[in-house]
Amino acid sequence: MSDWFKSLEGVLAQLWQGLEQGVADRSAPARHVTFATINGEGWPEARTVVLRAAIRDRAVLEVHTDIFSAKVASLSVRPCAELHVWDSETKLQTRARCTVAIAHGEAVAETWAKVPDPGRQSYGITPPPGHPIATALAYEKCPVLDSFAVLTCQIERLDAVYLGAQHRRAVFIRGDNWAGQWCAP
Ligand SMILES: Cc1cc2nc3c(=O)[nH]c(=O)nc-3n(C[C@H](O)[C@H](O)[C@H](O)COP(=O)(O)O)c2cc1C
């Protein structure tokens with residue numbers, strides 16, 4: 001779509017197209033998104049994750065992780081996150097403010113069954129992620145369903161910044177059915 005940045009609907013459509021591409025295409029900018037949370041002490045925490053699903057009609061994004069990771073502990077206290085992506089091709093920054101539901105165990109067995117073996121290696125480690133170890137490789141990977149968690153991120157607010165010749169910014173809110181509002185960039 002040319003000149004997509006000139007209308008609110010165009011920006012919203014471009015933003016979702018970018019997220020959907022991230023799920024489908026390993027080399028797309030939104031494949032690896034920054035996932036930010038707030039820990040129990042109020043510190044922000046940002047890390048890279050793979051975007052596993054982007055469902056526009058439900059305004060949902062999905063991320064997979066280790067249930068014993070720090071981000072899950074943080075989300076258990078404050079179920080809020082922001083996902084961020086910068087697409088240098090389209091010159092579009094997307095930020096998605098979300099409330100996050102953590103699912104694990106039998107509830108995610110079907111999803112786990114579809115995770116290929118190399119991918120499974122990321123979920124399940126002894127000692128748990130972030131635990132101090134005596135030497136760099138003093139850990140074992142032990143991928144099991146019990147370590148796997150699916151983070152379902154319900155988007156509440158989208159903030160898009162377009163850095164073309166003229167900068168534009170638009171904010172979309174779930175509560176007003178994504179009507180959109182231009183903002184000063
Ligand atoms: C390219 C890349 C992709 C990553 N994908 C994921 C992912 O999908 N899920 C995940 O939990 N961690 C992923 N990680 C690791 C996280 O960035 C992070 O180091 C790890 O989850 C521990 O974070 P935490 O201690 O803040 O929970 C990825 C790291 C990189 C560099």
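## Ligand contacts

In this predicted model, a ligand oxygen atom lies 3.0 Å from a polar backbone atom of V50. Side chains also take part. An N or O atom in the side chain of T65 is 2.5 Å from a ligand oxygen. For the side chain of K71, the corresponding distance to an oxygen atom of the ligand is 2.6 Å. The protein buries 59% of the 610 Å² that the ligand exposes when taken alone.

## The shell around the ligand

Strand 2 supplies the largest share, four residues. The residues surrounding the ligand include R47, T48, V49 and V50. H32, H64, T65, S69, A70 and K71 are also among them. By class, five shell residues are polar, three are nonpolar and two are charged.

Strand 5 (residues 80–87) has a covered face made of A81, L83, V85 and D87. Its uncovered face holds C80, E82, H84 and W86.

Strand 5 pairs with strand 1 (residues 32–38) in the antiparallel sense, over three bridges. Here H84 stands opposite T34. Strand 6 (residues 92–104) also runs antiparallel to strand 5, joined by eight bridges. In strand 6, R95 is the bridge partner of H84. Strands 5 and 6 form a hairpin with four residues between them. In the turn, K91 has a positive phi of about 60°.

How values were computed:
Residues are numbered from 1 along each chain as its sequence is written. This is a predicted model: local features need pLDDT of at least 70, side-chain atom pairs count only at pLDDT 80 or more; totals for chains, interfaces and linings use all residues. Side-chain values use heavy atoms; hydrogens and water are left out. A residue is near a molecule or strand if one of its heavy atoms lies within 4 Å of it. A polar contact is a pair of N or O atoms within 3.5 Å; within protein, one must be able to donate a hydrogen and the other to accept it, and residues adjacent in sequence count only if both atoms are side-chain atoms. Accessible areas come from the Shrake-Rupley method with a 1.4 Å probe; for residues, only the protein chains shown count as cover. Helices (H or I, at least four residues) and strands (E, at least two) are DSSP runs, numbered from the N terminus. Ala, Val, Leu, Ile, Met, Phe, Trp, Tyr, Cys and Pro count as nonpolar, Asp, Glu, Lys and Arg as charged, and the others, Gly among them, as polar. Buried means under 20% relative accessible area, exposed over 50%, partly exposed in between (1.4 Å probe, protein chains only). Two strands pair if DSSP finds at least two bridges between them.
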